[in-house]
Amino acid sequence: MKLNLKVWRQKDKNSAGAFENYEAKNVSPDMSFLEMLDEVNEDILKAGKDPIAFDHDCREGICGTCSMYINGRAHGPVKAVTTCQLHMRSFNDGDTIVIEPWRAAAFPVLKDLVVDRTAFERIQQAGGFVSVNTGSVQDANAIPVSKIDADEAFLSAACIGCGACVAACKNSSAMLFVSAKVSQYALLPQGQVERKERVLKMVEQMDKEGFGSCSNTEACEAECPKEIKISNISRLNREYIKAKWFS
Ligand code: SF4
Ligand code: FES
């Protein structure tokens, strides 16, 4: 396959960016999207130019770093996959592919397709943890958890913090991310100690970082590669109201 790429190039945080055109030649349908970009970067390097900067780590859909907009969709056109798990068979020979970084004030562009997502780290540090007593390991059966709660908590914990929900939202809201992190602990006995404090602090940090409000368009759920449900946002709102006004 031969593809035309329009890629956002931006030298650094303070420079203006612009699209540049590249040709991706000899693309195998079995390549991942990131492997295709690796090949394009080889050609750019051979020409003595600066390769396209993009984030990646696990390349297995786990770490959430391979965040980019592909043809106007967060992580590209295939539902429930990250960019690293997107394969070139999802495109046709001769296609033009537009590749951009996440667009959100709270995620400033550092270079090309790389954005600064440390705002998510600060939200996590504000309350996304549980306190445990150190010592010998507790018997797993000593803390009974209902199957329904265990399954729900597991689904919430699937969030990889990629930021696609923010990028897809017209208000750049981080509610889906925060609600997943709050839910995964609120549903489990281990999360009860900091339950109220957690939700208040994480929402406070989310607001400080400049993320917008949720307006229930559900764009976040549609683009989330881990299929996090917006029912988590309802839980977040309930948790917040209970912690703020009924405790
Ligand atoms: S909720 Fe989904 S889209 Fe948002 S950060 Fe988590 S995995 Fe990414
Ligand atoms: S590189 Fe880790 S999720 Fe894509």
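Reader: Which residue in S5 is the bridge partner of Lys6?
Author: This is a predicted model, in which local features need pLDDT of at least 70 and side-chain atom pairs count only at pLDDT 80 or more, while totals for chains, interfaces and linings use all residues. Residues are numbered from 1 along each chain as its sequence is written, chains are lettered from A and ligands numbered from 1 in the order in which they are written, and side-chain values use heavy atoms, with hydrogens and water left out. Strands (E, at least two residues) and helices (H or I, at least four) are DSSP runs, numbered from the N terminus. Strand S1 (residues 3-9) is joined to strand S5 (residues 96-100) by 4 bridges, and in S5 the bridge partner of Lys6 is Val98.

Reader: Do S1 and S5 run parallel or antiparallel?
Author: Two strands pair if DSSP finds at least two bridges between them, and S1 and S5 are joined by 4. Asn4 stands opposite Thr96 in S5, and Lys6 has Val98 as its bridge partner there. The two strands run parallel.

Reader: How many bridges join S1 to strand S2?
Author: S2 comprises residues 18-24 and runs antiparallel to S1. Arg9 has Ala18 as its bridge partner in S2, and Val7 stands opposite Glu20. The number of bridges joining S1 to S2 is 7.

Reader: Which strands stand at the edges of the sheet?
Author: The open sheet has 5 strands in the order S2-S1-S5-S3-S4, with mixed pairing. Each edge strand has a single partner strand, so one side of each is left without a neighbour in the sheet; these strands are S2 and S4.

Reader: Which residue in S5 does Tyr69 stand opposite?
Author: S3 and S5 run antiparallel and are joined by 2 bridges. In S5, the residue opposite Tyr69 is Glu100.

Reader: How many residues of S1 are buried?
Author: A residue is buried under 20% relative accessible area, exposed over 50% and partly exposed in between (1.4 Å probe, protein chains only). S1 is mostly covered: of its 7 residues, the number buried is 5.

Reader: Is Glu194 buried or exposed?
Author: Glu194 is found in the loop between helix H5 (175-186) and helix H6 (195-208). Its relative accessibility is 9%, so Glu194 counts as buried.

Reader: Which residue's side chain makes a polar contact with the side chain of Glu194?
Author: A polar contact is a pair of N or O atoms within 3.5 Å; within protein, one must be able to donate a hydrogen and the other to accept it, and residues adjacent in sequence count only if both atoms are side-chain atoms. Contact in general means heavy atoms within 4.5 Å. Not counting residues up to four places away in sequence, Glu194 touches Phe129, Val130 and Ser131. The polar contact, at 2.2 Å, joins the side chain of Glu194 to that of Ser131.

Reader: How far apart in space are Phe129 and Gln190, C-alpha to C-alpha?
Author: Phe129 lies in the loop between helix H2 (118-127) and helix H3 (147-156), and it counts as partly exposed because its relative accessibility is 38%. Leaving aside neighbours within four places in sequence, its contacts are Gln124, Tyr185, Glu194 and Arg198. Phe129 and Gln190 are 61 residues apart in sequence, and their C-alpha to C-alpha separation is 9.9 Å.

Reader: What is the relative accessible area of Asn26?
Author: Asn26 lies in the loop between S2 and helix H1 (33-46). Although it is not a glycine, Asn26 has a positive phi of about 50°. Asn26 is exposed because its relative accessible area is 71%.

Reader: What value is phi of Asn71 near?
Author: Asn71 is found in the loop between strand S3 (69-70) and strand S4 (73-74). At 38% relative accessibility, Asn71 counts as partly exposed. Its phi is positive, in a residue other than glycine, and is near 50°.

Reader: What percentage of the residues in the protein is buried?
Author: The secondary structure comes to 8 helices and 7 strands, and the C-alpha trace spans about 60 × 35 × 35 Å along its principal axes. The protein has 247 residues, and the buried share is 44%.
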